[in-house]
Amino acid sequence: MKAQNMMQIDFLSKSSNEGFARVAVAGFAAQLDPTLEEIGDIKTAVSEAVTNAIVHAYPNEIGKIRIKAKLYENRILELVIRDWGIGIENIAQAREPMFTTGGEERSGMGFTIMESFMDVLKVKSIPGKGTTVTMKREIAVRGDEV
């Protein structure tokens with residue numbers, strides 16, 4: 001399936017860039033005329049994915065995070081958030097609610113939240129090479145578009 005539109009942004013793994021990532025993806029997704037609830041869900045999922053990369057992928061350094069967003073003709077938004085950090089040793093364990101490697105201040109709910117707000121969540125990771133999170137969400141057709 002060929003994308004109708006796409007964008008890509010790279011930014012440093014600084015916590016100040018998390019808000020930028022949310023707004024950039026929301027702005028891109030806006031062309032599908034999502035509801036406020038849909039846009040809120042997308043922003044929350046992006047926030048969780050980017051925060052995971054900032055906190056876990058680069059715990060002792062600043063690295064690069066890339067977001068690719070694609071829109072498909074069937075109103076599917078695909079988001080790919082990638083880092084080149086330390087990777088995840090055990091993806092199944094990392095996806096368990098309440099599991100975290102980020103210390104007491106982290107809830108361990110990032111992947112659970114992403115999964116609850118998106119239709120599809122896939123996580124690929126190679127220890128020492130980085131992690132790629134792919135999320136998809138279908139944006140509903142509004143009543144006046146039927």
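This is a predicted model: local features need pLDDT of at least 70, side-chain atom pairs count only at pLDDT 80 or more; totals for chains, interfaces and linings use all residues.
The strands form an open sheet of five, arranged in the order S1-S2-S3-S5-S4 with antiparallel pairing. S1 and strand S4 (120-126) are the edge strands, each of which pairs on one side only. From one strand to the next, the twist averages 10°. In general, the strands of a sheet pair through backbone hydrogen bonds, in either a parallel or an antiparallel sense.

The individual pairings can be followed across the sheet. Strand S1 (residues 3-12) is joined to strand S2 (residues 64-72) by nine bridges in the antiparallel sense, and within this pairing Leu-12 stands opposite Lys-64 of S2. S2 also pairs with strand S3 (residues 76-83), again antiparallel, over eight bridges; here Ala-69 has Leu-79 in S3 as its bridge partner. The hairpin of S2 and S3 has three residues between the strands, and in this hairpin Arg-75 takes a positive phi near 65°. S4 and strand S5 (residues 130-138) run antiparallel and are joined by seven bridges, with Lys-122 bridged to Thr-134 in S5.

Helix H1 (residues 17-29) packs on the sheet and touches S1, S2 and S3, its direction making about 170° with that of S1. Helix H2 (residues 36-57) lies across S1, S2, S3 and S5 and runs at about 15° to S3.

Five salt bridges are present in the structure. Among them, the side chains of Lys-64 and Asp-10 meet at 4.0 Å, N to O. This pair links distant parts of the chain, Lys-64 lying in strand S2 and Asp-10 in strand S1, 54 residues apart. Asp-10 also forms a salt bridge with Arg-66, the closest N and O atoms being 2.7 Å apart. Arg-66, too, lies in strand S2, and 56 residues separate this residue from Asp-10 in strand S1. Lys-64 is partly exposed, with a relative accessible area of 34%, and Asp-10 is likewise partly exposed at 37%. Arg-66, at 18%, counts as buried because its relative accessibility falls under 20%.

A further salt bridge joins Arg-22 to Glu-18, with the closest N and O atoms 4.0 Å apart. Both residues belong to helix H1 and are four residues apart, about one turn of the helix. Arg-22 is partly exposed at 25% relative accessibility, whereas Glu-18 is buried at 18%. Through salt bridges that share partners, Asp-10, Lys-64 and Arg-66 are joined into one network.

Definitions and conventions:
Residues are numbered from 1 along each chain as its sequence is written. Side-chain values use heavy atoms; hydrogens and water are left out. Two strands pair if DSSP finds at least two bridges between them. Helices (H or I, at least four residues) and strands (E, at least two) are DSSP runs, numbered from the N terminus. Axes are lines fitted to C-alpha atoms, for helices over the stretch in contact, and angles run from 0 to 180 degrees between N-to-C directions. Contact means heavy atoms within 4.5 Å. Buried means under 20% relative accessible area, exposed over 50%, partly exposed in between (1.4 Å probe, protein chains only).
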